[in-house]
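Here are my notes for your first pass through this model. Keep the structure open as you read, and take the points in order.

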Amino acid sequence: MPSFDTVCEANLVEVKNAVEQANKEISTRFDFKGTDARVEQKERELTAFADSDFQLSQVRDVLTNKMTKRNVDVRFLDEGKIEKIGGDKVKQVIKVKNGIESDDAKKIVRIIKDSKMKVQASIQGDAVRITGAKRDDLQAAMALLRKDVKDIPLEFNNFRD
């Protein structure tokens with residue numbers, strides 16, 4: 001029975017490269033001279049540091065530009081609250097999403113069931129497995145999900161024939 005998995009996973013190697021490029025650009029930009037602006041990465045958590053709220057927004061802009069150039073969807077980034085740290089410095093924690101949350105998985109299963117296609121969708125942990133009798137049905141399901149699910153960066157992998 002042909003099947004594939006619908007997942008939401010960022011390429012962490014590209015995320016790391018984007019963070020390194022952003023830090024390199026921040027260190028050479030004139031408007032960041034003499035400041036403590038930078039982005040740090042720990043596994044799936046990025047932390048942006050700056051001297052003011054405006055500079056923090058500039059750091060985020062540089063980071064998202066680098067992510068876009070490295071083909072990492074910025075919908076993976078979940079920005080937290082801006083926190084004040086020692087003195088007048090600020091930081092913001094940005095989480096990199098991994099896996100499909102249960103509400104979104106239920107939404108995907110509902111879209112597949114409502115489409116009346118000859119495929120079945122089942123939730124497998126943080127992925128949604130879609131099985132069908134024909135490969136064409138699975139490709140139609142992929143096209144449907146790409147069209148209907150705009151708020152989650154979906155990827156399709158583990159295609160079995």
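**Notes on the predicted model**

1. Start with helix α4, residues 135-148. It has 14 residues, and at 1.5 Å a residue they should span 20 Å.

2. Which residues of α4 are buried? They are Asp137, Leu138, Ala141, Met142, Leu144 and Leu145. These residues cover an arc of only 165° around the axis, which means that they sit on the same side of α4. An α-helix has 3.6 residues a turn, so residues three or four places apart point the same way.

3. The face turned away from the buried side carries exposed residues: Asp136, Arg146 and Lys147.

4. What do the buried residues of α4 pack against? Their partners are the strands β1 (3-7), β6 (119-124), β7 (127-132) and β8 (155-160), together with helix α3 (102-114).

5. Follow those strands next. An open sheet is formed by 4 strands in the order β6-β7-β1-β8, with antiparallel pairing. β6 and β8 are the edge strands, and each pairs on one side only. From one strand to the next, the twist averages 25°.

6. Look at one pair in this sheet. β1 and β8 are antiparallel partners over 4 bridges. Within this pairing, aspartate 5 stands opposite asparagine 157 in β8. α3 packs on it and touches β1, β6 and β7, with a direction at about 170° to that of β6. α4 also packs on the sheet, touching β1, β6, β7 and β8; its direction makes about 170° with that of β8.

7. Pick out serine 3, which lies in strand β1. Is serine 3 buried or exposed? Its relative accessibility is 8%, so serine 3 counts as buried; the cut-off for buried is under 20%. Leaving aside neighbours within four places in sequence, serine 3 is in contact with Arg129, Ile130, Thr131, Leu138, Asn158, Phe159 and Arg160. Of these, Leu138 is also one of the buried residues of α4.

8. Step back to the whole chain. How is the protein chain divided? Domain 1 takes in 3-8 + 99-160, and domain 2 takes in 12-96. Taken over C-alpha atoms, the centres of the two domains are separated by 32 Å.

9. Move to another sheet. Here 4 strands run in the order β2-β3-β5-β4, and this open sheet has antiparallel pairing. β2 (38-42) and β4 (77-85) stand at the edges. Each has a single partner strand, so one side of each is left without a neighbour in the sheet. Neighbouring strands are turned by 20° against each other on average, direction ignored.

10. Inspect the pair β2 and β3. Strand β3 covers residues 45-50 and pairs with β2 in the antiparallel sense over 5 bridges. Lysine 42 has glutamate 45, in β3, as its bridge partner.

11. Finish with the helices on this sheet. Helix α1 (residues 12-28) packs on the sheet and touches β2, β3 and β5 (89-96). The direction of α1 makes about 155° with that of β2. Helix α2 (residues 53-69) lies across β2, β3, β4 and β5. Relative to β3, α2 runs at about 140°.

Terms used: Residues numbered from 1 in each chain as written. Predicted model: local features only at pLDDT ≥ 70, side-chain atom pairs only at ≥ 80, totals over all residues. Heavy atoms only, no water. Helix = DSSP H or I, 4+ residues; strand = E, 2+ residues; numbered from the N terminus. Expected span 1.5 Å × (residues − 1). Buried < 20%, exposed > 50% of the residue type's maximum accessible area, 1.4 Å probe, protein only. Arc of directions from axis to C-beta. Contact = heavy atoms within 4.5 Å. Domains from an automatic or database assignment. Pairing = 2+ DSSP bridges. Axes fitted to C-alpha atoms, helices over the stretch in contact; angles between N-to-C directions.
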